[in-house]
Amino acid sequence: LSRRQRQMCIRDRPFFEDLRIAVQFWHGDEEFSPRLRFLWDAAADQYLRYETMYYALSLLRTRLQALG
C-alpha cells in the first residue's frame, strides 16, 4: 500500500439491506491527528430515527474497538 492508502481507509458496507454506512479512518500524520468518521446514506432518516442511528454508531464503534 502507498503512504496515502495507509493514511485513509474507507469501507462501505450495508448496515441493513437497503441502508449503507461508510466508515472512514484517517491514520493521521505529523500535521493531523487520527480521525474516524461514519457516513450515512442520504436516505438514512427514512429508515431510522436519529436516536436509533446514534445507538447503532455506538454499537459499531464498540465493535471496532474490540477488533483492536
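**View 1. The protein has 3 helices and 3 strands.** Along the sequence these elements follow the pattern α-β-β-β-α-α. Helices (H or I, at least four residues) and strands (E, at least two) are DSSP runs, numbered from the N terminus. This is a predicted model, in which local features need pLDDT of at least 70 and side-chain atom pairs count only at pLDDT 80 or more, while totals for chains, interfaces and linings use all residues. Residues are numbered from 1 along each chain as its sequence is written, and side-chain values use heavy atoms, with hydrogens and water left out. Of the 68 residues, 24% count as buried. Here buried means under 20% relative accessible area, exposed over 50%, and partly exposed in between (1.4 Å probe, protein chains only).

**View 2. The largest nonpolar core has 11 residues.** They are Leu19, Ile21, Val23, Phe38, Trp40, Ala44, Leu48, Met53, Ala56, Leu57 and Leu60. Strand β2, strand β3 (35–40) and helix α3 each give two or more residues to this core, and the largest share, 4 residues, comes from α3. A nonpolar core is a set of buried Ala, Val, Leu, Ile, Met, Phe, Trp, Tyr and Cys residues joined through side-chain atoms within 4.5 Å. In soluble globular proteins, nonpolar side chains tend to be buried together.

**View 3. Ile21 and Phe38 let us look at two members of the core.** Ile21 is found in strand β2 and is buried, with a relative accessible area of 3%. Its C-alpha atom is separated by 8.9 Å from that of Ala44, 23 residues apart along the chain. Phe38 is found in strand β3 and counts as buried too, with a relative accessible area of 19%. From Phe38 to Arg61, 23 residues apart in sequence, the C-alpha to C-alpha distance is 9.5 Å.

**View 4. Helix α3 has a buried side and an exposed face turned away from it.** This helix covers residues 50–67. Its 18 residues reach 26 Å from the first C-alpha to the last, close to the 26 Å expected at 1.5 Å a residue (the expected span is 1.5 Å times one less than the number of residues). The buried residues of α3 are Met53, Ala56, Leu57 and Leu60. Seen down the helix axis, these buried residues fall within an arc of 100 degrees, so they line one face; the arc is that of the directions from the axis to the C-beta atoms. An α-helix has 3.6 residues a turn, so residues three or four places apart point the same way. On the face turned away from the buried side, look for the exposed residues Glu51, Tyr54, Tyr55, Gln65 and Ala66. Just after α3, Gly68 takes a positive phi of about 110 degrees.

**View 5. Phe25, Leu36, Leu64 and Leu67 form a nonpolar patch on the surface.** Together they have about 360 Å² of accessible area, computed by the Shrake-Rupley method with a 1.4 Å probe, where for residues only the protein chains shown count as cover. Leu67, in helix α3, is exposed, with a relative accessible area of 73%. Phe25, in strand β2 (residues 19–26), is partly exposed, at 30%.

Notes:
Patches are made of residues with over 30% relative accessible area and no salt bridge: like charges are joined within 9 Å, nonpolar side chains (Val, Leu, Ile, Met, Phe, Trp, Tyr) within 5 Å. A salt bridge is a side-chain nitrogen of Lys or Arg within 4 Å of a carboxyl oxygen of Asp or Glu.
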